[in-house]
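Please read it beside the sequence and the structure.

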Amino acid sequence: MAKHREAHRTQRIGWLRAAVLGANDGIVSTGSLLIGVAAAQTTHDQILVTGVAGLVAGSMSMAAGEYVSVASQKDTQQADIAREREELASDPEHEHEELAGIYARRGLERGLAREVAVQLMKKDALGAHMRDELGISETVTANPLQAALTSAATFAAGAALPLAAAAFAPAELRVGAIAVCSLLFLGTLGGISARTGGAPTLTAALRVTVWGAVAMAFTALVGSLLRVNLG
Ligand SMILES: [Zn+2]
């Protein structure tokens with residue numbers, strides 16, 4: 001008999017998602033920024049200064065956003081759990097009814113729902129309520145500071161790619177080089193992350209590349225409009 005081996009990879013999605021999002025953001029926002037200023041016919045130095053400023057600003061913004069998001073998620077979850085623990089201590093009968101009601105709504109017959117609630121609560125009352133009432137299957141273990149640093153670092157790594165293209169490409173090829181390099185990096189990253197997560201590789205690569213292309217085309221348009229009107 002074949003062994004039932006089904007690799008679920010959703011657990012891996014947490015950190016992977018954060019890292020890929022950071023790098024994606026870095027590539028798209030810095031690539032677009034650079035294309036916008038390059039399309040407005042800025043000098044090489046001005047483009048690089050803009051790119052570095054964009055990299056630093058973006059990293060800081062990612063760090064701040066991630067810190068606030070993880071910290072508040074953690075706070076909310078802990079408050080929910082504390083309230084649940086208190087309710088379980090103060091009114092266990094009501095909590096049994098509540099859980100049984102949840103199982104009944106999911107399709108269990110009333111008596112069975114009650115029995116399931118009793119047995120699950122005997123083993124781990126708080127865990128049962130967390131899972132089935134609050135929908136918390138896993139407590140937030142991420143450290144906000146660590147999450148902030150990871151986001152900032154992955155954003156900076158992503159941003160460095162189009163910045164390098166801008167730095168080394170000859171002036172007449174600059175816009176194209178930034179666009180092509182950025183889209184190539186985006187596609188590769190999207191493909192790798194999809195493969196790691198067990199999702200269809202090509203679809204993911206294509207999706208992220210199309211969105212990146214839209215972002216860059218838009219800033220290129222704005223940049224060239226500015227050149228016409230200001231230059
Ligand atoms: Zn409850």
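Which residues does Ala204 touch, not counting residues up to four places away in sequence? Ala204 touches Gly190, Gly191, Ser193, Ala194 and Ala199, where a contact requires that the C-beta atoms of two residues, placed from the backbone, lie within 7 Å. The model is a predicted one, in which local features need pLDDT of at least 70 and side-chain atom pairs count only at pLDDT 80 or more, while totals for chains, interfaces and linings use all residues. Residues are numbered from 1 along each chain as its sequence is written.

**Overall fold**

The protein has seven helices and zero strands, and from the N terminus on its elements run α-α-α-α-α-α-α. Helices (H or I, at least four residues) and strands (E, at least two) are DSSP runs, numbered from the N terminus. The radius of gyration, taken over C-alpha atoms, is 25 Å, whereas a compact globule of 231 residues would have a value near 17 Å by the rule of 2.2 Å times the number of residues to the power 0.38. Along its principal axes the C-alpha trace spans about 75 × 45 × 30 Å. Among contacts with a separation of 6 or more, 74% join residues 24 or more positions apart. Buried residues make up 32% of the 231 residues; a residue is buried if 20 or more other C-beta atoms lie within 10 Å of its own, exposed if 12 or fewer, and partly exposed in between, with C-beta atoms placed from the backbone.

Two packed helices are described by the angle between their axes and the distance between the axes. Here the axes are lines fitted to C-alpha atoms, for helices over the stretch in contact, and angles run from 0 to 180 degrees between N-to-C directions.

| Helix pair | Angle | Axis distance |
|---|---|---|
| H2 (residues 44-90) and H5 (residues 144-168) | about 160° | 8 Å |
| H2 and H4 (residues 110-134) | about 125° | 10 Å |

The contact of H2 with H5 has 22 nonpolar, five polar and two charged residues, where Ala, Val, Leu, Ile, Met, Phe, Trp, Tyr, Cys and Pro count as nonpolar, Asp, Glu, Lys and Arg as charged, and the others, Gly among them, as polar.

**Individual residues**

Thr30, found in helix H1, counts as buried with 28 C-beta neighbours inside 10 Å. Leaving aside neighbours within four places in sequence, the contacts of Thr30 include Gly51, Gly54, Ala159 and Pro162. Thr30 and Ala156 are 126 residues apart in sequence and 9.5 Å apart in space, C-alpha to C-alpha.

Ala204 has its place in helix H7 (residues 201-230) and is buried, with 20 other C-beta atoms within 10 Å.

Gln41 lies in the loop between helix H1 (10-39) and H2 and is partly exposed, with 16 other C-beta atoms within 10 Å. Most residues other than glycine have a negative phi. The phi of Gln41, by contrast, is near 60°, a positive value in a residue other than glycine.
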